[in-house]
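Let us walk through this model in two stops.

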Amino acid sequence: EKGLRVQDKGFLNTAVIRSGITYIDGDAGVLRYRGYPIEQLALKSSHLETAYLLIYGSLPTNEQFKFFESEVMRHSVMHADAEGFFRSFRYDAHPMSMLTSAFAMLGSYYSEANPSLQGQRLYTQGNAASLATMDRQIYRLIGKATTLAAMAYRVRQGRNFVTPPTGLSYTGSFLYQMDHLSEENYTPNPVLEKALDVLFLIHADHELNASCTTVLQTGSSLVDPYSAIAAGCASLYGPLHGGANEAVIRMLISIGSPQNVPAFIEAVKRREKTLSGFGHRVYKTSDPRSFIVRKTADEVFKVTGKDELLETAMALHDAAMKDEYFIKRKLAPNVDFWSGLIYRAMGFPLDFFPVLFAVPRVVGWLAHWRQMMLQEGGVKIWRPRQVYVGAGKRDYVPVEERE
Ligand code: SDX
């Protein structure tokens with residue numbers, strides 16, 4: 001029809017926006033946030049400073065950062081009603097389901113979340129009122145992401161909720177609320193707090209991955225950002241995407257020991273098993289984040305002790321990297337291959353790992369959403385076409401005449 005071409009399965013090589021936020025060179029294994037190499041930011045910046053950079057386009061001055069941080073932390077408190085919402089889940093509900101639902105619930109709290117109001121106000125893009133509304137929505141979502149995640153965790157632990165403390169960093173406050181070391185007055189270990197902050201930072205954005213595309217597809221109808229973020233969270237939940245960090249650990253546990261790695265590799269080559277944590281749609285040499293995660297793991301293990309799965313992970317990594325099957329398909333470790341080992345060593349429950357991906361990724365989703373809201377010429381709804389390959393015109397057949 002009218003020259004439409006199916007752009008392969010899964011948007012294999014399709015660009016749908018112009019963006020100034022994140023740059024990836026898949027062949028060179030390069031990742032930059034607003035031009036800054038991820039390696040430099042991981043070393044010198046923090047997750048919240050990088051959040052400002054991704055959303056507003058430049059590194060903040062001291063004053064800008066202080067204001068941004070105080071707004072995010074101020075908005076991290078959840079309305080007491082949210083406790084009833086979380087208590088409505090079974091104790092063993094998957095935390096990603098709870099978090100996805102909680103983002104959607106967030107939208108029910110705020111008047112500007114009303115789509116018609118939302119559309120009208122934001123559609124006049126760029127005026128002071130709409131910019132201020134968007135900023136407040138951004139502070140709320142970043143601030144509350146950690147609180148909602150911690151509330152989901154506490155439901156699983158059958159424990160009461162914790163009000164976000166004051167005076168701690170963004171990541172420190174999250175760890176305090178998680179209190180997963182089951183000490184009441186848990187003060188974050190600086191090495192673990194820094195390690196998690198680096199992991200948050202490198203997970204913050206990754207241009208148009210499946211979940212970010214979902215946020216923009218949803219947000220393009222001018223629905224409120226809370227609902228758009230809920231949609232993105234649902235997409236990230238899948239094992240081909242953010243769920244991979246959980247799948248990697250389940251894979252390593254099933255392999256059991258380095259001795260079983262060769263047999264597992266053969267099963268993968270027979271397509272009976274998936275090597276989770278390997279391969280990437282864009283990176284065809286290496287995912288630069290995987291090196292940062294691997295190095296961070298060594299820092300964490302100094303405090304927590306080595307994870308017994310590390311030997312199996314290293315044996316699997318070395319075997320796959322030398323094997324023609326993976327080399328030919330340009331498969332290398334992605335960000336998810338090593339990160340689960342760190343979360344496990346830090347004591348997070350296995351099904352909580354995708355939540356640890358979603359919390360920082362809220363930043364990237366919001367950076368792209370704001371960019372779309374402010375784009376030249378206003379927001380266009382995303383409505384792709386199809387090539388129809390179904391039946392031609394035919395007439396209705398009464399049921400008694402059908403065989
Ligand atoms: C993330 O997009 C992003 O940027 C995502 C992300 C982000 O920050 O947002 O980087 C985060 O999601 C990382 C990816 C986490 N997912 C996994 O680790 C799951 C395992 N990986 C695969 O499912 C796969 O590699 C994908 C989904 C990541 C990418 O899939 P593609 O681009 O569609 O590649 P493909 O399936 O077409 O694979 C090409 C070939 C195929 O072989 P052939 O059929 O051509 O013979 O490589 C094979 C695939 O079978 N292959 C694998 C493999 N990944 C691809 N074979 C074994 N193990 C794997 N992991």
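Is Tyr110 buried or exposed? Tyr110 is buried, at a relative accessible area of 18%. Buried means under 20% relative accessible area, exposed means over 50%, and partly exposed lies in between (1.4 Å probe, protein chains only). Tyr109 counts as partly exposed, at 26% relative accessibility.

Some ground rules apply. The model is predicted, so local features need pLDDT of at least 70 and side-chain atom pairs count only at pLDDT 80 or more, while totals for chains, interfaces and linings use all residues. Residues are numbered from 1 along each chain as its sequence is written, and side-chain values use heavy atoms, with hydrogens and water left out.

Now the rings. Rings of Phe, Tyr and Trp (its six-membered ring) pair if their centres lie within 6.5 Å; planes under 30 degrees apart are stacked, over 60 edge-to-face, and the rest tilted. The count comes to 19 aromatic pairs. One of them joins Tyr109 and Tyr110: it is tilted, with 6.1 Å centre to centre and 40° between the planes. Phe337 and Trp338 are edge-to-face, because their planes stand at 85°, with ring centres 4.8 Å apart. Both Phe337 and Trp338 are buried. Elsewhere, ring pairs link Tyr52, Tyr56, Phe67, Phe68 and Tyr139 into a cluster.

Which distances do the arginine side chains show to ligand oxygen atoms? A polar side-chain atom of Arg281 lies 2.6 Å from a ligand oxygen. For Arg289 the distance is 2.7 Å. For an N or O atom in the side chain of Arg361, the distance is 2.8 Å. The protein covers 73% of the 1100 Å² of accessible area that the ligand has on its own (Shrake-Rupley method, 1.4 Å probe).

How values were computed:
Polar contact = N/O pair within 3.5 Å; in protein donor to acceptor, adjacent residues only side chain to side chain.
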